[in-house]
Amino acid sequence: RDAILAAAFSPPSHPRAPVGAAGRCMRPALRVLHRLTTTVDLFARDAVPRATAHTARPTANHTHGVLRNLHRAMTAQAQATTSPTHGASVGNAAACDPPACGTDTTGTEPIAESNPVASTSGGMGLPTPPSPATATNKLTAWDFWRSMGSPKFHVAPMVDQSELAFRELCRRYGATCAYTPMIHARLFVESPKYREEIFTTHITDRPLLVQFCANDPDMLLEAAKLVAPHCDGVDINFGCPQRIAKKGNYGAYLMDQWDVVHDLIYKLHKELPVPVTAKIRVYDDLETSIKYAKMVEAAGAQLVAVHGRTRTQKRASDVRANWAFIAEIKKQLKIPVLANGDIRSLREARLCLEQTGCDGVLSADPLLEHPSLFSDPPFADQNDLQNPLPIQGDKNVLLLLEYLEITKKYETPLRMVKGHAHKMVGAWLAEFTDLREFLNGHGGPPKTTEVLIAWTNELLGRVRLVQRTEGRSHPIPKKSPRQAAREEAEEAKTAAIAEQQREDDAFADRDIRR
């Protein structure tokens with residue numbers, strides 16, 4: 001980290017090979033190192049000044065300080081919109097008093113609207129965003145795609161689950177691009193507290209697409225402007241099929257309102273300084289699916305991710321994703337297309353790329369169970385090609401330990417941490433039910449990071465003991481005492497109801513005989 005910060009404010013210095021035979025041997029490695037240092041130089045010059053534009057009071061934990069500075073920067077942007085030169089107010093965020101909201105910016109300077117847009121892919125020969133980027137000169141389509149390094153393996157947007165710590169874990173194991181969790185645009189604009197919790201990033205967290213759900217183009221633009229200096233692109237969610245999306249009129253429930261979909265994309269395309277992308281679902285018929293995707297492209301989307309299921313097909317276990325529809329959509333569009341659905345292993349990811357012709361793939365729920373899904377060579381063995389999940393053995397326990405160590409750097413809400421723990425090692429918790437009860441909060445000390453690390457090490461010891469003494473790498477589900485007690489109580493209740501019914505029948509029969 002110190003090297004990156006130093007590089008941001010010093011001239012680039014790239015190694016040179018010595019002359020002679022030794023130099024010829026070293027040149028291939030030095031060329032790679034040169035590309036890496038070039039990337040660091042370009043990225044640090046763009047990203048570090050923005051991430052530290054509002055210098056906070058000194059803190060022992062530098063990473064947490066940088067994240068707080070990011071929140072201050074976004075809050076300052078939101079407050080700036082109240083001035084006549086910045087357009088309309090953004091609601092509560094604009095009216096919020098800085099000290100009361102934890103956004104003290106004493107001795108700092110505001111972020112300029114013309115800040116350049118950073119990219120981690122500033123390597124030699126790759127397109128780089130203009131400096132400064134504007135709505136009229138930003139990269140589009142394939143130049144945008146190549147500027148990110150043409151990433152094939154993407155961490156899909158997941159509510160409360162694709163946060164910074166998990167994104168970093170996945171990047172360590174082969175993911176080459178990531179989406180943030182789905183962010184509610186109106187809440188992001190109006191609530192500093194929501195904004196601070198839901199969006200965190202770091203200078204190494206690139207390429208990054210920030211996803212919003214919305215149905216108001218103006219509100220979406222306000223929210224997107226707050227994150228534009230800290231990401232490669234802004235994505236709009238048109239794929240969420242959950243009930244809350246229906247209630248809020250966003251996500252997949254905008255598939256019936258093509259004019260709203262068009263206006264949301266067009267607004268960002270015309271006024272946002274970074275590219276806009278979209279995540280969509282297919283319809284029941286191919287013709288409508290293609291027309292819809294073409295409309296999304298024509299509105300200004302520079303990349304489209306296609307989930308191969310319809311709005312009503314919510315459970316992945318119930319129906320396979322329609323890769324054939326995705327393949328036809330890919331043929332019809334002139335922009336990069338990503339495939340989403342049934343990516344449970346690196347083998348399936350490669351098979352999907354081959355069968356659809358897409359430029360990349362997204363994985364969501366399977367990645368939660370298998371964060372090393374994209375690693376090559378594989379970190380965890382998946383011997384059952386038809387049913388690759390859950391992961392056998394102790395590999396996911398080791399990944400959970402690594403994830404918890406990452407959360408020491410990036411403050412992560414406990415609900416997200418516990419959610420990842422259940423996904424990564426939930427199969428083993430079905431056997432070691434006392435550990436599951438502890439994680440769920442039934443007794444024990446507060447669930448701090450250190451406590452959860454100790455808990456995970458206990459699980460690791462038990463899993464390895466089972467492997468060593470019983471020779472098995474898969475769990476055997478058992479009933480917890482609480483579950484057994486609930487079942488006993490339910491059986492007793494059922495028996496009491498049956499006994500009462502027999503007594504009522506007996507009394508009724510006696511009355512009839514009389």
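This is a predicted model: local features need pLDDT of at least 70, side-chain atom pairs count only at pLDDT 80 or more; totals for chains, interfaces and linings use all residues.
Residues are numbered from 1 along each chain as its sequence is written, and side-chain values use heavy atoms, with hydrogens and water left out.

**Overall build**
- The protein chain has 20 helices and nine strands. These are DSSP runs numbered from the N terminus: helices are H or I with at least four residues, strands are E with at least two.
- Of its 514 residues, 49% count as buried. Buried means under 20% relative accessible area, exposed over 50%, and partly exposed in between (1.4 Å probe, protein chains only).
- Take contacts between residues at least 6 apart in sequence: 70% join residues at least 24 apart. Contact means heavy atoms within 4.5 Å.

**Helix pair α16 and α19**
- Helix α16 (residues 395–409) packs with helix α19 (residues 449–470) at an angle of about 170°, and their axes are 9 Å apart. Axes are lines fitted to C-alpha atoms, for helices over the stretch in contact; angles run from 0 to 180 degrees between N-to-C directions.
- The two helices are therefore roughly antiparallel to each other, a label for angles over 145 degrees.
- Residues making the contact include Leu 400, Leu 401 and Leu 404 of α16 and Trp 455, Leu 459 and Val 463 of α19.
- The contact residues divide into eleven nonpolar, four polar and four charged. Ala, Val, Leu, Ile, Met, Phe, Trp, Tyr, Cys and Pro count as nonpolar, Asp, Glu, Lys and Arg as charged, and the others, Gly among them, as polar.

**Helix α6**
- Helix α6 (residues 164–172) is mostly covered, with eight of its nine residues buried.
- Among the buried ones are Arg 167, Glu 168 and Arg 171.
- Gly 174 follows α6 and has a positive phi, near 105°.

**Cysteines**
- The structure holds zero disulfides (pairs of cysteine sulfur atoms within 2.5 Å).
- The sulfur of Cys 352 has its closest cysteine sulfur in Cys 358, 6.1 Å away, too far for a bond.
- Cys 352 is buried, at 0% relative accessible area. Cys 231 is buried, also at 0%.

**Asp 232**
- Asp 232 sits in the loop between α9 (217–227) and β5 (233–237). Asp 232 is buried, with a relative accessible area of 5%.
- Asp 232 and Phe 144 are 88 residues apart in sequence, yet 8.6 Å apart in space, C-alpha to C-alpha.

Notes. Angles under 35 degrees count as roughly parallel, over 145 as roughly antiparallel, 65 to 115 as roughly perpendicular and the rest as oblique.
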